[in-house]
Structure formats: C-alpha cells, structure tokens
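Subject: Structure handover

Hello,

Here is the structure I promised to pass on. My notes follow below it.

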Amino acid sequence: MPFDVDARFSAELIAACEQDYQGSRPLLVDAARAFLDQGQQEIRARHRSGLGGRAVVEQVTELNDQLLQTLYGIVSESLSQPNGNFCVLLALGGYGRAQLNPRSDIDLMFYYCSKGRDFAEALAERMLYILWDLNLEVGYSVRSSRDCIDMAEKDITVRTALLDTRYLTGSRECYAEFEQSVLSKIYSWNSKKFLQEKVVEHKRRLGKYGSSVFLLEPNIKEGEGGLRDLQTALWMAQAKYKCRNLRELIIKGMITERQGEEFDRALDYLWRIRNELHYLSKGKNEQLRFDQQEKIAYFLGYQDSKQAPAVEQFMQDYYAHATHVEHISSYLMAKVTGTLDAPPERMVHSSRRPVRRNVGDHFYIHGNELRVERDDLFEEEPALMMRAFRLAQQQGVLISIQVKTLIRENLHRINDRVRRSRIMTGDFMAILRSPHRVVDALRTMHHLRFLNHFIPEFGRLYCKVQHDAYHIYTVDFHSLFALEELIKIWQGEYDKSFGLLSEVANDIEKRELLLLAVLLHDIGKGQGRDHCNKGADMIPTIARRLGLNKEDASRLEFLVRNHLQMAHISQRRDLHDDALIVQFARQMGMSENLRMLFLLTVADIRAVGPDVWSAWKGLLLQELYEKAYDVLERGDFYLESRSERIRNRKRRVVELLKDEYSERAVKDRLKLMSMRYLFAQRSTNIAEHMRLIMDRRDQTLAFKATNEPDANYTELTIITVDIAGLFTMITGVMTAFNINILGAQIYTHNDGLAFDILQVRGHQGRPIVAQEKWQQVCTALEAVIEGRMLVEDLVHERQQAKALPTPPRPRMPSRIEIDNEVSKDYSVLDIYTHDKVGLLYTISKTLRDMDLYIGVSKISTKVDQAADTFYVRDIFGQKITGPERIAELRQQLLNAIDSSDE
C-alpha cells in the first residue's frame, strides 16, 4: 500500500533542495526521518494486529521503495552535473526480491552506462549520507556493466545477488542495457559450476549456523530449515532454468503449483516470526533466543496448558515447519543438480552409465540409489516401506527421491495391522541387529516421518521441545543422538578416555534390545510429570506389536522405567553407603540389566549437549557400576570381601611408605582414618594423602592441586584441623577466585583432622594449571582459617568486579527436597536451582548459620542449572526430622538462594 509521500516531502522542500541543496539538506533529512518513522509505526501496528508475514514484508519493501525513489528524484535534480539519464538505482539481495523485514539490510547498486560514472558517484554519495543519517543499514556499490561481469565471474556472492536485481528508479534505458549486457549474460553462463559452488556454500553455512533443524536457539535466516534454505534452492533453480522468480519456475513446469504454494506458505510463516523477532530486537538479530521465543509464542496466540507451556508448543510447531522447509528445499536442490540424493562428488558426470541391479522383489539399485519398479508398490503392500530401509542399509546405498516421495505419500496406510506384520517388525529388528548404518537408517525414517507412523508413541516426541539451556536438541533428535553415542561405544571411539565402556558393551547379549531401549527411553515426555514411569507403561503395547518375547519385553520396560536411576544415584548420592549400593544392586536384579542401564545412561548424558558430559561424571558412573556389579557377582560375600579389601589396602599403604616413614607412625595414622575414607580411596591415593599429613607438621594447612592428563578438572586436597564452618570457608575462597566446584568429598578423621577433596574447574570450564593462582588460593584460605580474614569480606571484595553478562536462559523456580529415608545417619537435601557464582558458598553458609554439619556433598551442574545434594545432621549428630525444623530449613535455603540473585 502507498504511504503519504507528499505529506512529508512538500513542493517547497523539493524546490529549496534544487536551489540550495546543502542549506536545505537538514530539512530533507528531517522529512525523510518523519516519513520513515510514521510508516514503520503504521506497519508495526498492522503486524501486531495480525497482518501476515508476506504482507508486512511487502509493506516494509514498499515504504523503502517510496523513500528511495523520492530521495533519488530530489538529489538527482539538485546535482548540476549532466548525464543524469545514464544512471539507474537497483535493489539487490533480499531487497531485490522485495522481501525486506523490519531490520533487514538495504542493498543498492547505482548502475551507470556510457558517460554516467561521475553523476552516479555524486548521486550515491549524497543519497548514502542521508540514509546513514537515518540509521539505515545500507550496502551499496557503484558499477558499470564491465564491473558487474568481472565481479560476478570472480565471486559467487555477487553473481547470486545479481540474480535478485530489481529496478527502483532512474533511467529505463540504462536498466534495459543492464538487463541485456549483464543479466542475460549471467543467465547464459553454464550453470553447472554455479550449482556446485552453491552446494558447497550451503554445507559451509550449515556448518557455521547449525546443521540441524532442531537446535534449541535456531537461526531463522541462516540455520537449517530457515529462510536461506528456501532462497538457495530458488537461486539454483533460477540459474539452471533461466527463470527470474518462483512464478516463472511454475510456468515453465519446473515445479508444480502445489510446490509453489508450499514455498509461499513456508516463506509467509518464517517471515511472520522474523518480523516479530526484528521488532523485539534492538539491533540486527536472526537467532531465536530463549527469552524471545517466549514473547513470540504469546504474540502468536499460544497459551500455557497442562501438557506444555506456550513456548514449547510454539517451538514444536516451528521445528515441524523448519523440517518441511528443509525437505522442500532439499528436494528442489536435488532436482536442480540432477543428482537427487547423490553426494556432491557425484555431481560430475561420468562417461559410464550407472548399472541397474535388482535386489529382492520389486526393488533395484541404479547408481548409488535404491528405487522401486512400480509407483503403486506401497499402495498395495505398505509393509514393504520398511523393506526399502532394510535394503538400503544392507546394500550401503541411498534411498532415491522417488522412493522417499512414495513413502511420504503412503504414510497414512500404516495402520496397526501393517505395524504388526512380520515384514515390518522383522525388517525393523533386522535393521537394529545390523552392525552397519543403523543410525543412518533410523535418521532417514525419522526425516520422512515414517518412524512416527511405525511407532506412534515415538511420534508424540516429534519436534518436542524441552525449554532449557542444556538440552541442545528436541526430544526426538536427542534420542537419535543417544543411539548414535551407543554405536560409537561399540566402535571403540571412547576406548582411550573411558575404557570400561567397550568392555561392558562387548558383553551385551542382545544389542538390538539396548538400541531399542535408547530409542524409546524418553517416550513418556510430553505426558506430564514422571516421564520414566509413563514411558515404561507404554512399553508392553510396543513390545507386543514388535513381537518381542516376554523376557525381552520385561527388560525393555525395566530400562525405560529406570533410565535416570544411575545418573541420579552416581551424581547425587553417597556411593560409600553400603546399604545404598546393595539396594541399587538388588533393584538391578541381574548383571545384564546393570550393563545395559550403564551404557544407556552414558549415551543419554552424552547426547544431551556438549557441556553436560564430563570425565568426572564418568568416574562416578564407573564407581557405581563396579560396586553394584560386585554385589551382584558376590552376593552375600560382598560385605565380607570389602572388609578383606580394607585390610589389604592398609597393608599396601604401609608397603608404599616403608622407605619414607616408620611403620608404627603409618599404622597409627591409618587407625585414625574413617572407614568411609578407607573404602573410598585407593592405596596410592591414601599413601599420597599420608605424605601431606606427615609433612604438614605444625602448619595450618596442607594443600595440593593435581591435574590428571585425561580428566578435565583439577583435584584439590585440603587438610587442616576441623573447625566450625570449614566447608563454608573453603567454598567461599573458591567463589572469590571464580573457581567452579564439580564435586566434594568431605572426611573427618578420628583425631579431628579435616580432609576435603574437591574436583574443580576454572570459570572457562577447564582445569587450572597456573601454580601461582593456587598459591594465592592457599594463602587466602590459610588467612581465613586462622581468622586473619573473614570469608564474607573476601567474597564481597572479589565479587565487586561484575562478571560479563550472560544471555537470557529459561529459569525454573528453585526447589528443595528433604529425604530422611535414603540414609541411615543423615538427612539428604536435594537443591535444584539456577547455577551462579558462589551458589555452593551461599548454601553452605546458610547450613552453617543453622548449626548443621555437612557430611557429604555432591555437586551436579548442567550448563546453567544446579542440582546439588548435601548429607547433613545437626550439632548433636541427629537428622532433621521435626516438621517445623524441616520447613524452616527449606525456607531459609530458598531465601538465601533467591536473595543471592539480586
């Protein structure tokens, strides 16, 4: 729709600019700013009132067109130079496509012909200074036909931009020359090289911005399933078929009307979201960040429900749309290149004709693709869709676009009878049993939405979002990544960093059953709280459908129901509590359950996101696995064997230290050590700790920092006299030096010697190797323990220098659970909250102020969410049991945690 240009650019202003441009320029800028501001406000109001994405884009484009056309007319008249008829103003890129969003760049070319160069440069200078004064992001060039051709030959980006050229204003004769000498020449060039370069550019872009539709903070412009996918496909089609736009592609029969409508709908959907994203952002921004996702969800009309918050519903729909965008873009790109699904290196034509090879009934291989003989095959025998995936896996070939399209068109034929058929279930289980390309087969099933129809329970996870910072992928894609992690374990990829994995994996009897458990472990999500049990309750139905025997069905249900148990116990419970280990081992029932659950847990954690897995978590899982396995193998002899192990451990320590200290001194010190400590530490560790104790003498503190080669953390050993609030002092000093505590083992020997072992990392998530920093930490801790410095003052002083701002993240309310059943001697506090510098200090200080003693501390952090556990008792050595005392403890902790955010 036209905007009121005349109301702002009066005849008097135009005349004044012609007579005295420099003197009238401020008035011209003010008029342009007023015109632009009013137009932008009107468009934004219409957008907020429900105007569609395409309509807003068209109006933003029209507003800028009118502004530039008006300025061009005024400025060109103000120039006294001749040759004004030898220049034309052209729009390029997104602006050339008439697809401007509110904060899009405006790309312009001042094209001149014949003698128009001086005029074009003078015109460009005057116009650009006005546009910059208006704070517009403008890209520009001043070029002749020779310039355009030279640049287009050297730079694919320039050639691409020229494909989207649009006339704005200026000499029509000059534009006709541009079309004849530039555009027609570019369209006449051989498109093969251009297409190859576009494919490479496409892959490079996805490598930078995210090669998965399902990233939780997607880039709506450059990421997979975004606007650039559609544009790249259209650029390639334009170059191949010599078309200027989507409509011409339809007219020439290169795409159907239906496909054209799909492109239009996809653009409209993405534009509506991008328009709101631009209005919400202060500067240029194409990434849907967490805080903006919530606002956009409410803007689009989504509402919170019992099943999912509004933002998760919105993002689930977004990913479904993005998947469709990726599909229709890839289809067009494959059609244009003439290679369909062939990899880029196959784009070069070979002199050899691909050989046709029959594989089973109804299928054949042509080149590197699996095809079907009849297009109505899946209409008559829908179960054979699974056979296509099985044959492609067996033969190591790709499924052709022909077969993919037929599968998509026949998904509705997969009913319960087809799902239960022997062909479907038999081929599916055979795919899982295969030692090769299991992940490829399942990814293709997922991409075509076949998996959703074959296992409807899994289909409920399709594009399902978990709105937090540490789940990098949607639930369905997370499950596929977990499956891929399991395959990597069998392939020995983690042998050097975690040798136990391959050892356990090679003992698994039915690999296909474990793969199925990994695929289905999260199917209860989206059904409300307690997704483990809700998912496990679905397994009997799925198992009957797949034809599993009773034993396999029972094990599959067990794994889904308990898939969080090992992570929870290893990270949040005292692994030196014999009763806990025995109880967990009995819950496992048999060694095969334990082996499978161990591998499932590792794969699950590794697939959550890059910052979630750590070597420390691996060590905790290994400790729990080995102790539970020992119980299952030894049965009633487990406790007896542990006593014998302690005696052997003591003898080994005496042997290790015999040349350094007297045997009597070592034995006397061993008698003072707690049984919990002796159970937990290996002989070599105890010997090393003994050296620290013996060499400490009258010093306040013994302190040692060790960096293990394969562990991504530093281990601190701190030995001193146990005093009230010691752990608070230690955590406070760590906070002051911006050191993140991953784990803490707290021991007190029988003579009152405190012995704390901490696993820590620097604020950048890496071990701290600088010894001078550790010397500063040791000096500060010594001063605090001796009372020469208050830990509160040290923390306050160090935190005055504010940390760099972090991007907004979804935040859940802090939650505290108090359990008096899990431990015989302690009350167990589970604290769930947003992670921040000094959190552990805040918690330990609060517990100290309430006269509570910390016996065990387990720290677990997932990116920005902390889940910390403390085993505590009061000054009389008793649990916290009174309802009023429990309520007071919970409230004091919540108050302290929340106030530390302010």
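Predicted model: local features only at pLDDT ≥ 70, side-chain atom pairs only at ≥ 80, totals over all residues.

E512 sits in helix α25. Is E512 buried or exposed? Its relative accessible area is 13%, under the 20% cut-off, so E512 counts as buried. Setting aside neighbours within four places in sequence, E512 contacts M429, L432 and R433.

Besides E512, the buried residues of α25 include L513, L514, L515 and L516. A517, V518, L519 and L520 are buried too.

Helix α27 covers residues 550–561. How do the two helices meet? Their axes come within 9 Å and cross at roughly 40°. That angle lies between the 35-degree limit for roughly parallel and the 65-degree limit for roughly perpendicular, so α25 and α27 are oblique to each other. The crossing is right-handed. On the α25 side, the contact is made by L513, L516, A517 and L520. On the α27 side, they meet D552, R555, L556, L559 and V560.

**The nonpolar cores**

The largest nonpolar core has 113 residues. Which of them touch the most other members? They are F363, F378, F428, F450, F598 and L599. Helix α23, residues 475–490, gives this core its largest share, ten residues.

L599 leads back to α25. Leaving aside neighbours within four places in sequence, L599 is in contact with L486, I489, L501, V504, A505, I508 and L514. Of these, L514 is one of the buried residues of α25.

There is also a second, separate core. This one has 70 residues, among them L270, I296, C463 and V465. As background, nonpolar side chains tend to be buried together in soluble globular proteins.

**Sheet β3-β2-β1-β4**

This is an open sheet of four strands, in the order β3-β2-β1-β4, and its pairing is mixed. The edge strands are β3 (138–143) and β4 (166–170), each pairing on one side only. On average, neighbouring strands are turned by 25° against each other, direction ignored.

Strand β2, residues 106–112, runs parallel to β3, and six bridges join the two. Within that pair, M109 stands opposite S141 in β3. Two helices pack on this sheet:

- Helix α5 (residues 117–133) touches β1 (87–92), β2 and β3, and its direction makes about 175° with that of β3.
- Helix α6 (residues 145–154) touches β2 and β3, and its direction makes about 130° with that of β2.

**Sheet β5-β6-β7-β8**

Another open sheet of four strands has the order β5-β6-β7-β8, again with mixed pairing. β5 (356–358) and β8 (398–399) stand at its edges. Each has a single partner strand, so one side of each is left without a neighbour in the sheet.

β5 pairs with strand β6 (residues 363–366) in the antiparallel sense, over three bridges. In that pairing, N358 has Y364 in β6 as its bridge partner. Helix α16, residues 384–395, lies across β5, β6, β7 (369–372) and β8, and runs at about 40° to β6. Helix α17, residues 401–409, also packs on the sheet. α17 touches β7 and β8, and its direction makes about 55° with that of β7.

**A176**

One more residue to look at. A176 lies in helix α8, residues 172–188. Its relative accessibility is 39%, so A176 counts as partly exposed. V88 is 88 residues away from A176 along the chain, yet their C-alpha atoms are separated by 10.0 Å.

**The chain as a whole**

The chain has 902 residues, and 55% of them count as buried. There are 40 helices and 17 strands. Along its principal axes, the C-alpha trace spans about 105 × 75 × 55 Å. Among contacts with a separation of 6 or more, 72% join residues 24 or more positions apart.

Over to you.

Best wishes

Technical notes
Residues numbered from 1 in each chain as written. Heavy atoms only, no water. Pairing = 2+ DSSP bridges. Axes fitted to C-alpha atoms, helices over the stretch in contact; angles between N-to-C directions. Contact = heavy atoms within 4.5 Å. Core = buried A, V, L, I, M, F, W, Y, C linked by side-chain atoms within 4.5 Å. Buried < 20%, exposed > 50% of the residue type's maximum accessible area, 1.4 Å probe, protein only. Parallel < 35°, antiparallel > 145°, perpendicular 65-115°, else oblique. Left-handed = near helix turned anticlockwise from the far one by under 90°.
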